[in-house]
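Subject: Handover of a structure and notes on what was found

Dear colleague,

I am passing this structure on to you, and I would be grateful if you read the notes below with the structure open beside them.

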Amino acid sequence: MTTVQTHSPPTTGSPDHAIRPRRALPRWLTSPLAARLTSYVAGLLLWQLVATIFDRFPAPLEITSFLVGEVAEGHLVSNFAVTLNRFGQGMLIAVVIGVILGILIGSYRGAEAFLNDINVVGLAIPAVIWALLATMWFGFGDRAPIVTVILSAVPFVTVNVAQGVRAIDPRLGHMSAAFGVPASRRLRHLTLPAIAGYVFAAIRFAVMSGWNGILLSEWFGATSGVGWRARYWYDANRMPGFLAWVVFFIVFMLLVDRGGLGAIAKRSFRWRDGDAAGTTDIVTERV
Amino acid sequence: MATVTIDKLRKVFPTATGGHVAIDDVSFEIADRQFTSLVGPSGCGKTTLLNIVSGVECPSAGEVSIDAEGHQARIGYVFQEPRLLPWRSILDNMLYVQRTRDDATVERCRNYLELVGLRGAEDKYPAQLSGGMQQRAGIARAFSVEPDLLLMDEPFSHLDAITARSLRAHLQELWLETRKTVMFVTHDVMEAVELSDEIVVLAPGGRLHELIPVTLERPRRASDVAVARLKADILGRFEQLEQQKMVTQ
């Protein structure tokens, strides 16, 4: 007896097991932007709650009105301008020194042996120590805050850049050597673009560390700037004044981090997805 | 144009156990405008030899001299992988290795891109091109420096058979037009027969085994009977070499 096998189309299962699109929440509710906004609102609500419970903790509205007052009297803009100027000078010098040291450490074993441990010590010293030391060295004025920014930012730039240089594909160096490409051109077209991502990561850490440094330095040894103004209200025992400036620092750092650095990084890494015209959305790893 | 003389060359890489001999007392000469292939099993020192000739590595003993009619020899190098700077456009990658950056140089680079079939790709980034196109760019880059000596290290080994065949044909055309002195490393005997004037066979241990002149007419194709016959003959010699090795072991 022969059995006849029939090939029937696979059964599609009962309706109970049917695969349907999952009913999802609306996109706007689950997006990263929504999550971020929720975190801001939650923070504000928590703040309001704490302010209601403790009278030594000013409410968001009180802080805002205090800041408006500082703006109206011109203190916010003038002090912020002074600090930003010092911070900018310090960061620029720190990035230049850090990139040079990082390239040396990443490229030469001798330089690594000589500089690496010094840099680790630099990383380990907190910004407050540099702020105190710089104030004792240079007294009141612009120099102490600038030097504090440099000293607290350089180790972060150095360590990241050195890591970036070590990660450069050695085959590209070999190619450059085989074609006899001069060192200056190699630096400009091979090393610097290759470490750009690491420099951005470095600047991000350095901005955080440097900002800490400048606030502390102005707190201890300046007669102008946002750190000094925060201390002014602290000494006057005016809680809303002190916290208003703290909130201002936080908002400023968030804006720098989310806005400025992110946008520059995005532009610099167009080549990663090979999109020369920049017509598609660029996937950039956040640095 | 250049004549290459390799004289009693030896290269030893230091290892924990004393040293690994990559090239052992190798001497031969490459005539001006000659296409020479280096053939041999993996680890017989082909790439090391190329790196020494390019000046990237130093020999442990012996000497390589490149006579380029009185001036310092200009060297072009095509690698196994394209080795393009990913953050520079194709044209900028070509300019990266040039001595000058004037209009004539840019024009020359564009010409070589056109010769390898990459017209219109000047402003693209490497990631926007296929593997075959990137390798073409690598070949154009090497030719565009107008080298006295062109070094090629298994340039088609990472490509699929069809792309490799088309690039080989392109390379042969380009070489017939320019007649550069070429050192071409390959493990593919057919490729060596198709392209070379002379085949240098290196044996395991980095020793020179044999020099085989190839006098077949050009342009050659892999499907030509004479090419296939010579390939079979050389493979036969390889088998003998392996048998001798087994006997001595």
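Two strands are taken to pair if DSSP finds at least two bridges between them, and the helices (H or I, at least four residues) and strands (E, at least two) are themselves DSSP runs, numbered from the N terminus. This is a predicted model, in which local features need pLDDT of at least 70 and side-chain atom pairs count only at pLDDT 80 or more, while totals for chains, interfaces and linings use all residues. Residues are numbered from 1 along each chain as its sequence is written, and chains are lettered from A and ligands numbered from 1 in the order in which they are written.

I begin with chain B and its sheets. Three of its strands form an open, antiparallel sheet in the order β2-β1-β4. Strands β2 and β4 of chain B stand at the edges with a single partner strand each, so one side of each is left without a neighbour in the sheet. From one strand to the next the twist averages 15 degrees, where angles run from 0 to 180 degrees between N-to-C directions and axes are lines fitted to C-alpha atoms, for helices over the stretch in contact.

Strand β1 (residues 3-13) of chain B is joined to strand β4 (residues 61-67) of chain B by 6 bridges, and the two run antiparallel; within this pairing, B:V4 stands opposite B:I66. On the β2 side, 7 bridges join β1(B) to strand β2 (residues 20-30) of chain B, again antiparallel, with B:V12 opposite B:V21 and B:F13 opposite B:H20. Helix α1 (residues 46-54) of chain B packs on this sheet, where it touches β1, β2 and β4 of chain B, and its direction makes about 120 degrees with that of β1(B); here two residues are in contact if their C-beta atoms, placed from the backbone, lie within 7 Å. The hairpin of β1(B) and β2(B) has 6 residues between the strands, and in it B:G18 takes a positive phi near 125 degrees.

A further open sheet in chain B has 6 strands in the order β5-β6-β7-β3-β8-β9, with mixed pairing. Its edge strands are β5 (75-78) and β9 (207-213) of chain B, each of which pairs on one side only. Strand β8 (residues 198-203) of chain B runs antiparallel to β9(B) and is joined to it by 6 bridges, and B:I199 has B:I212 as its bridge partner in β9(B).

Chain A is built otherwise, with 11 helices and 0 strands. Among the contacts in chain A with a separation of 6 or more, 71% are accounted for by residues 24 or more positions apart.

The contact is made by A:L67, A:E70 and A:V71 of α3(A) and by A:H75, A:L76 and A:V77 of α4(A). The axes of α4(A) and helix α10 (residues 226-235) of chain A come within 8 Å and cross at roughly 135 degrees, and these two helices are therefore oblique to each other. Here A:H75, A:N79, A:F80 and A:T83 in α4(A) meet A:V226, A:G227 and A:R229 in α10(A).

Between the chains, 19 residues of chain B are in contact with 16 residues of chain A. The chain B side divides into 12 nonpolar, 3 polar and 4 charged residues, where Ala, Val, Leu, Ile, Met, Phe, Trp, Tyr, Cys and Pro count as nonpolar, Asp, Glu, Lys and Arg as charged, and the others, Gly among them, as polar.

Finally, a word on confidence. Chain A averages a pLDDT of 81, and 83% of its residues score at least 70, pLDDT being the predictor's confidence in each residue, from 0 to 100. Over residues 274-287 of chain A, however, pLDDT stays under 50, and for this stretch the model has 27 contacts beyond four places in sequence. Where pLDDT is low, the predicted coordinates should not be read in detail.

Note on methods. Angles under 35 degrees count as roughly parallel, over 145 as roughly antiparallel, 65 to 115 as roughly perpendicular and the rest as oblique.
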